Amino acid sequence: MAFNINLFAGALKFGGARTSLFQVNITNPANGVADIQHPFLVRAAQIPAATIGALDIPYFGRQLRLAGNRTFADWTATIINDEDFAIRNAMEQWSNTINSFQGNLRNFGASSPALYKSTAQVTQFSKTGVPLRVYNFVGIFPTEVSAIEMDWASEGVSEFTVTFTYDYWEVSGGVTGNAGGN
């Protein structure tokens, strides 16, 4: 069975989900002017991971392993930088309003996390353009806006990454189910 290509092809009913068929939407609470550009200029991202930790309970020299708390790793988006720096500027402003560059102050008018946290979505599409799954990030905010590498030997378009942390993700929409829901 292990070497039967027909069985493999039969198991891969739709030809595999393509990693290049996705779109990202990020809602920036500090400067939303570039939000409309995200679906076009976010070049790379990930469908998020979710980890359930393990608890080790010692008992007479043995370890009983039980499921612990769920944790969510940081999420990173790679963004193509246009000459208007619209997304870069918006991300820097979001970061600055959380903790200002010079004054070490929050500039949202109040210290409530509800003001600086937001939402983002990663949508995976089928080869026919139908949304397969939508991953919704809840309570997201940037923790790092990366450097933009400059190099006289490079002929590429500049890009940068933004690393986000968030409270949790859930799945909504699409045709493949809602495994990440409540």
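## Briefing: fold, salt bridges and a pocket

Let's start at Val-171, which sits in strand β9 (residues 168–172); helices here are DSSP runs of H or I with at least four residues, strands are E runs of at least two, and both are numbered from the N terminus. Val-171 is buried, at 2% relative accessible area, where buried means under 20%, exposed over 50% and partly exposed in between (1.4 Å probe, protein chains only). Val-122 is 49 residues away from Val-171 in sequence, with 9.6 Å between their C-alpha atoms.

This is a predicted model, so local features need pLDDT of at least 70 and side-chain atom pairs count only at pLDDT 80 or more, while totals for chains, interfaces and linings use all residues. Residues are numbered from 1 along each chain as its sequence is written, and side-chain values use heavy atoms, with hydrogens and water left out.

**Overall layout**

- The protein has four helices and nine strands, and along the sequence they run α-β-α-β-β-β-β-α-α-β-β-β-β.
- The radius of gyration is 21 Å, well over the 16 Å that the globule rule gives for 182 residues, so the protein is more spread out than a compact globule. That radius is taken over C-alpha atoms, and the rule is 2.2 Å times the number of residues to the power 0.38.
- Along the principal axes, the C-alpha atoms fill a box of roughly 60 × 50 × 35 Å.
- Of the 182 residues, 30% are buried.
- Take the contacts (heavy atoms within 4.5 Å) between residues at least 6 apart in sequence: 61% of them join residues at least 24 apart.

**Salt bridges**

- Side chains of opposite charge can pair when their charged atoms come close.
- The count is four salt bridges, each being a side-chain nitrogen of Lys or Arg within 4 Å of a carboxyl oxygen of Asp or Glu.
- One of them pairs Glu-159 with Arg-43, with 2.8 Å between the closest N and O atoms. Glu-159 is in strand β8 (residues 159–165) and Arg-43 in strand β2 (residues 42–44), so this pair ties together parts that are 116 residues apart in sequence. Both ends are partly exposed: Glu-159 has a relative accessible area of 30% and Arg-43 has 43%.
- Glu-92 and Arg-88 also meet in a salt bridge, at 2.8 Å from N to O. Both belong to helix α3 (residues 86–98), where they are four residues apart, about one turn of the helix. Glu-92 is partly exposed at 30%, whereas Arg-88 is buried at 12%.
- Asp-56 bridges to Arg-65, again with the closest N and O atoms 2.8 Å apart. Asp-56 is partly exposed at 42%, while Arg-65 counts as exposed at 56%.

**The largest pocket**

- The largest pocket holds about 190 Å³ of space. On a 1 Å grid over the protein atoms alone, a pocket is an open set of points where a 1.4 Å probe fits, with protein on both sides within 12 Å along at least five of seven lines. Grid points are joined across faces, edges and corners, and the volume is the space filled by probe spheres set on them.
- Its lining residues (those with an atom within 4 Å of a point) include Ala-147, Ile-148, Met-150, Val-157 and Glu-159. Glu-159 is also the salt-bridge partner of Arg-43.
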